[in-house]
Amino acid sequence: MRSLPPQIGADLSHVFCSDGAATVIKGYSPELIVHPYLPESWQAAQQGGGGGNGGSGGAEAAAREAREQRARAAAVAAIEPWLDRFDAVVVGPGLGRDPLTLATVAEVRQVEGWCWVQQGWLPCLLGGLRLEW
């Protein structure tokens with residue numbers, strides 16, 4: 001099977017993915033530039049320092065939501081500067097079903113750089129499961 005960039009005629013392709021997928025994706029082709037910026041729920045849970053038995057369920061949920069919001073904000077801030085450098089955007093194939101990852105992708109489309117896609121100046125292909133655009 002040929003690698004993706006030569007099939008579509010791209011010289012370079014940037015892939016924004018989770019840290020867990022980055023190593024595998026890097027092995028597909030030298031034309032792929034991999035950015036492991038997308039957070040996953042299990043990573044946000046680990047950053048919390050474990051779920052002890054003594055805390056309140058509401059406080060733990062609030063802390064988890066705060067960690068997830070910080071992870072989403074960091075990913076969006078890392079991805080946004082790249083948007084004005086692309087000739088096309090493909091969103092979704094192989095994205096997965098992790099709720100934090102999907103929420104992050106949904107937030108990326110709210111940033112100012114996404115206006116290039118919204119106004120039709122930048123071609124965009126949307127694919128994948130459970131993307132509600």
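## Opening question

Is phenylalanine 86 buried or exposed? Phenylalanine 86 is buried, at a relative accessible area of 16% (buried means under 20%, exposed over 50% and partly exposed in between, with a 1.4 Å probe and protein chains only).

## The model and its confidence

What you have above is a predicted model, in which local features need pLDDT of at least 70 and side-chain atom pairs count only at pLDDT 80 or more, while totals for chains, interfaces and linings use all residues. Residues are numbered from 1 along each chain as its sequence is written, and side-chain values use heavy atoms, with hydrogens and water left out.

The protein chain has a mean pLDDT of 78, and 78% of its residues reach 70 or more (pLDDT is the predictor's confidence in each residue, from 0 to 100).

## Overall layout

The chain holds 6 helices and 4 strands (DSSP runs numbered from the N terminus: helices are H or I with at least four residues, strands E with at least two). Read from the N terminus, the elements follow the order α-β-α-β-α-α-β-α-α-β. Of the 133 residues in the chain, 30% are buried.

## A β-α-β unit

Strand β1 (residues 13–18) runs parallel to strand β2 (residues 32–38), and 5 bridges join the two (strands pair if DSSP finds at least two bridges between them). Within this pairing, histidine 14 stands opposite isoleucine 33 in β2, and valine 15 faces valine 34 of that strand.

Together with helix α2 (residues 19–26), β1 and β2 make a right-handed β-α-β unit. Right-handed means that, with the strands pointing away from the viewer, the path from the first strand over the helix to the second runs clockwise.

How many aromatic pairs does a search of the whole structure find? The search finds 2 (rings of Phe, Tyr and Trp, the last by its six-membered ring, pair if their centres lie within 6.5 Å; planes under 30 degrees apart are stacked, over 60 edge-to-face, the rest tilted). One of them is a tilted pair of phenylalanine 16 and tyrosine 37, with 5.9 Å centre to centre and 40° between the planes. Phenylalanine 16 belongs to β1 and tyrosine 37 to β2, so this pair ties together parts that are 21 residues apart in sequence. Tyrosine 37 counts as partly exposed because its relative accessibility is 31%.

Phenylalanine 16 also pairs with phenylalanine 86, this time edge-to-face, at 6.1 Å centre to centre and 70° between the planes. Phenylalanine 86 sits in the loop between α4 (57–79) and β3 (89–91), so its pair with phenylalanine 16 of β1 ties together parts that are 70 residues apart in sequence.

## Around the α4–β3 loop

The loop between α4 and β3 also holds aspartate 84. Aspartate 84 is exposed, since its relative accessible area is 56%, and its C-alpha atom is 9.0 Å from that of leucine 122, 38 residues away along the chain. The charged end of arginine 85 sits over the ring of tryptophan 82, 4.7 Å from the ring centre (the criterion is NZ of Lys or CZ of Arg within 6 Å of the ring centre and within 35 degrees of the ring normal).

In helix α4 itself lies isoleucine 79. Isoleucine 79 is buried, at a relative accessible area of 6%. Isoleucine 79 and histidine 35 are 44 residues apart in sequence, with 8.6 Å from C-alpha to C-alpha.

Which residues of helix α5 (residues 99–108) are buried? They are Leu100, Thr101, Leu102, Thr104, Val105 and Val108. Aspartate 98 caps the N-terminal end of α5, with a side-chain oxygen 3.1 Å from the backbone nitrogen of leucine 100. For such a polar contact, N or O atoms lie within 3.5 Å; within protein, one must be able to donate a hydrogen and the other to accept it, and residues adjacent in sequence count only if both atoms are side-chain atoms.

Strand β4 (residues 124–126) contains cysteine 124. Cysteine 124 counts as partly exposed, at 31% relative accessibility. Cysteine 124 and valine 89 are 35 residues apart in sequence and 4.6 Å apart in space, C-alpha to C-alpha.
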